[in-house]
Amino acid sequence: MVRGNKLMRALFQIFLSLCLLLSSMHAYADEKAIKLLERTTAAAKQLNYDGVFGFQAGDKLQTVRIIHRADVQGEVERLISLNGIERELIRTNDMVTCIYPEGESVQADRRPLGRGFPGDLLSRLTAASAYYDLTLGKQSRVAGYQAQELVIKPIDNYRYGYRLWIAKESDLLLQSNLISDRGSVLEKFSFSSVKMGLDITEQSLTPQMKGNEMAWHRAKARMKSHREISAHAGTSIWKVVWLPEGFSLIKQQNRLKAKNGAPVEQRVYSDGLSSISVFIEKIRARHGHLHGGSTMGAVNVFGTIMDAHFVTVVGEVPARTVEKIGRSISHRDSE
Amino acid sequence: MTTDQNILLSALVDGELQGEELDQVLQLLATSAQAKIQLERYQLSSDVLHGYGSGNQQQDLTTRLSAALADEVQYTKTLERKETSQLISFPQQFWKQTAGLAIAASVGALAVVGVMTQPQNQLVPMASIAAIDDSVETMMVAQASDRWTVDEQEVEERLNTYLLDHNEYTSASGVFSYARVVSYGSGQ
């Protein structure tokens, strides 16, 4: 009997391996396309640029100015909304500051950042090619630059596709269309103008948002140092049972939530291109939370309450994906 | 809004501004609410006319707008008037006039799109609204999703915090990763 079980297990493992092999063969990746994607990812972090881009989701269009500087000190980035509600966002290596009007004052919230993708992002992008068809598209012109189109199609309906237009000389991403499984454009980012290779001054990275009646008010942010954040990593009592093929844990960190101090655990899973975050927050008082799904542009979330915790899955993936992941999460003690 | 300012805004949408002109128009956008509304219209118009959007529904809209514009005599007259005045004012910048004319021709379309996306907009000629039937408006509103579809502000704030924390891990469109945050709910 035991022998029979072993045989069954071995056969099942072979079957699984064959399934994986077949799915990997299904994806097609043009080597030039992968290299281009890798160069684009690096260019976004290494170039200085100053431009204006449009962000379209549904029938809404926002115009945003972006100023990005990269030097030996690292990256600094400033985004300014040019229409609708006035907002600015400053991102440095480890801090993001959102500045927005509130009543007649200007509010500034600062939050410590995660460390972004780990250093092996490039190899992760290569690994992602098993789950996407990557092909070079046509050449065209975007924001006055010759651009190469890169078409990225997922192998299943648990992730979105992309059409990217990348500047031929600099490898900077000029336009990005996020494509649904039905082939429609969910979101579009597109530079209308951008200048590269500039000397970006400190002044241009300094927030300018102010008004005659507005007074500066800086919110007190409660932050943890990176040492404190990383101290909690790797000790999660939560388990994510189901993930789309190719997704794996790339980051786990604990932060203090700025408002009520409740600990929040963030776990980031990625296939190299798409990523989702699972947030688990201990309930400290009677608060409302999301039950089920919600959507903002192409970002979907799924929320539930489990063992006195808010559990939320966030990602640029279809609603079915965040829901399926969310429903598979369990507390290790409850097993 | 002066003709100069309209031309600068149109050139911004077309990605034709650099240096002092870019600074000038950004300064204008920082100080003039009307300029921001105008820029939004130009950008929408540009996208609609180029057929950008979310699939077939957007194409249907373009077709309907084109059909509606065919009956708009009022804007044809405006177009002719603009052509003459711009030739006198800016003879050395004909390329910009051409862009301006294209935009003037689409003002009707912009006005209709403006009504659907910003019902509070008072600058829209009411005559244009009649050209579009109610079903188009319903369709466009249903697509709006620049903020979370939740009832409680507390939940919305929590989701925004999570979105901010998640942003560092969006690799495919890294250049634009914080655009959603800075644009959140701006159209409301």
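**View 1. Strands S7 and S8 of chain A form an antiparallel pair.** In this predicted model, S7 (residues 132-142) and S8 (residues 145-154) are joined over nine bridges; two strands pair if DSSP finds at least two bridges between them. Strands here are DSSP runs of E with at least two residues, helices are runs of H or I with at least four, and both are numbered from the N terminus. Look for A:Asp133, which has A:Lys153 of S8(A) opposite. Two residues lie between the strands of this hairpin, and A:Ala143 in the turn has a positive phi of about 55 degrees.

Residues are numbered from 1 along each chain as its sequence is written, and chains are lettered from A and ligands numbered from 1 in the order in which they are written. Local features need pLDDT of at least 70 and side-chain atom pairs count only at pLDDT 80 or more, while totals for chains, interfaces and linings use all residues.

**View 2. Helix H5 of chain A (residues 319-328) has buried residues.** They are A:Thr321, A:Val322, A:Ile325 and A:Gly326 (buried: 20 or more other C-beta atoms within 10 Å of the residue's own, with C-beta atoms placed from the backbone). Because these buried residues fall within an arc of 125 degrees seen down the axis of H5(A), they line one face of the helix; the arc is that of the directions from the helix axis to the C-beta atoms. Their packing partners in chain A include strands S16 (275-282) and S18 (299-306).

**View 3. Chain B has 11 helices and zero strands.** Of its 188 residues, 42% count as buried.

Terms used:
A residue is buried if 20 or more other C-beta atoms lie within 10 Å of its own, exposed if 12 or fewer, and partly exposed in between; C-beta atoms are placed from the backbone. Two residues are in contact if their C-beta atoms, placed from the backbone, lie within 7 Å.
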